[in-house]
Amino acid sequence: MTVKQTILADWAVSPSIVAFSTTREGGVSEPPFASFNLATHVGDDSLRVVSNRALLKKALPQHLEWQWLEQVHGNDVAVVNKAGPALTADAMRTTRANLVCCVQTADCLPVFVAALDGTEVAVIHAGWKGLASGVIENTISRMSTSASNLAVWLGPAIGFCHFEVGEEVRNCFLCATGSPSLVLAMEGCFVSSKNRGKFMADLYAIARLKLTALGIDKISGGDYCTYCDDGKFFSYRRDGVTGRMLSAIYIEA
Ligand SMILES: [Zn+2]
């Protein structure tokens with residue numbers, strides 16, 4: 001990668017796996033999309049988005065195929081073997097080399113999944129709605145690698161410091177959680193905020209809890225808050241109208 005602002009996944013998987021999240025730096029878009037906005041649906045000048053995507057593609061091997069998603073905060077997983085028109089889903093999984101799986105975010109959590117041996121990859125757009133409706137569980141269930149041979153890296157998302165939610169969001173998670181011990185652990189992902197009836201929610205902790213419950217123990221990342229760092233990240237919660245970062249993963253042949 002030569003887009004130097006890119007954040008590379010920090011995990012111990014096969015060197016054939018390439019996984020990264022872009023930042024807002026290094027592109028040509030003007031405020032409020034400055035500057036490396038990679039999304040076409042947010043109101044940015046489409047020619048600038050095309051230029052930004054071209055910059056990204058130029059920094060990577062030219063023979064890669066790209067698959068894009070129409071994300072709907074749902075829990076569907078696209079299983080892809082060949083690039084085609086954008087698919088409506090919030091997660092993507094492939095075993096095919098040189099096929100880039102990617103999701104776009106600005107606060108939601110990008111969850112990267114890879115088989116340790118480099119045979120299979122997935123990436124998940126996990127906002128609270130997707131997390132609550134099982135997008136992580138659905139994705140892992142579509143993978144052929146056993147949980148003990150998978151690793152996960154959590155890319156940049158809004159942190160516990162800034163993600164305030166209402167009681168209805170917390171209840172969604174508590175109701176959807178099975179065993180009493182898991183419910184207790186899930187309760188720990190929400191802490192009463194200074195505002196009455198509101199909670200600070202920890203998306204990273206929720207994701208870790210769900211992944212651990214699925215038998216995955218190699219989990220890294222979760223070190224950023226997109227809201228806190230306005231120089232590096234777009235944040236929907238902070239800015240409303242803003243760009244999107246791209247989180248991408250592929251198997252290098
Ligand atoms: Zn923060």
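Which residues in α1 are buried? Val 49, Asn 52 and Leu 56 are. They cover an arc of only 60° around the axis, which puts them on the same side of α1. An α-helix has 3.6 residues a turn, so residues three or four places apart point the same way. The face turned away from the buried side of α1 carries the exposed residues Leu 47, Val 50, Ala 54 and Lys 58. On the buried side, packing is against β16 (245-251). The length of α1 also fits: at 1.5 Å a residue, its 13 residues should span 18 Å, and the end C-alpha atoms are 18 Å apart, which agrees.

**Overall build**

The model is predicted. The protein has seven helices and 16 strands. Its C-alpha atoms fill a box of roughly 50 × 40 × 30 Å along the principal axes. A compact globule of 253 residues would have a radius of gyration near 18 Å; the protein has 17 Å, which agrees. Of the 253 residues, 44% count as buried. Take the contacts between residues at least 6 apart in sequence: 64% of them join residues at least 24 apart.

Strand β8 spans residues 99-105. Seven of its seven residues are buried, so β8 is largely enclosed by the rest of the structure. In a regular strand the side chains alternate between the two faces of the sheet. Both faces of β8 are covered. One side holds Leu 99, Cys 101, Val 103 and Thr 105, all buried. The other holds Val 100, Cys 102 and Gln 104, also buried.

Two pairings of β8 can be followed. With β3 (residues 65-67), β8 pairs in the parallel sense over three bridges. There, Glu 65 stands opposite Leu 99. With β16, β8 runs antiparallel, and five bridges join the two. Here Cys 102 stands opposite Ala 248.

**The nonpolar core**

Which members of the largest nonpolar core touch the most other members? Of its 72 residues, they are Cys 101, Val 111, Ala 114, Val 123, Leu 203 and Ala 207. Cys 101 belongs to the buried residues of β8. Ala 114 touches Val 13, Ile 17, Ala 19, Val 121, Leu 150, Ala 151 and Ile 249, leaving aside residues up to four places away in sequence.

**Backbone exceptions**

| Site | Feature | Value |
|---|---|---|
| Pro 31 to Pro 32 | cis peptide bond | omega about 5° |
| Ala 34 to Ser 35 | cis peptide bond | omega near -15° |
| His 73 | positive phi, not a glycine | phi about 55° |
| Asp 107 | positive phi, not a glycine | phi near 125° |

Pro 32 is found in the loop between β2 (17-21) and α1 (46-58). Ser 35 is in the loop between β2 and α1 too. His 73 sits in the loop between β4 (69-70) and β5 (77-79). Asp 107 lies in the loop between β8 and β9 (109-115).

Is Asp 107 buried or exposed? The cut-off for a buried residue is 20 or more other C-beta atoms within 10 Å. Asp 107 has 26 other C-beta atoms within 10 Å, so it is buried. His 73 has 16 within 10 Å, so it is partly exposed.

Technical notes:
Residues numbered from 1 in each chain as written. Predicted model: local features only at pLDDT ≥ 70, side-chain atom pairs only at ≥ 80, totals over all residues. Core = buried A, V, L, I, M, F, W, Y, C linked by C-beta atoms within 7 Å. Buried ≥ 20, exposed ≤ 12 C-beta atoms within 10 Å, placed from the backbone. Contact = placed C-beta atoms within 7 Å. Helix = DSSP H or I, 4+ residues; strand = E, 2+ residues; numbered from the N terminus. Rg over C-alpha atoms; globule rule 2.2 N^0.38 Å. Expected span 1.5 Å × (residues − 1). Arc of directions from axis to C-beta. Pairing = 2+ DSSP bridges.
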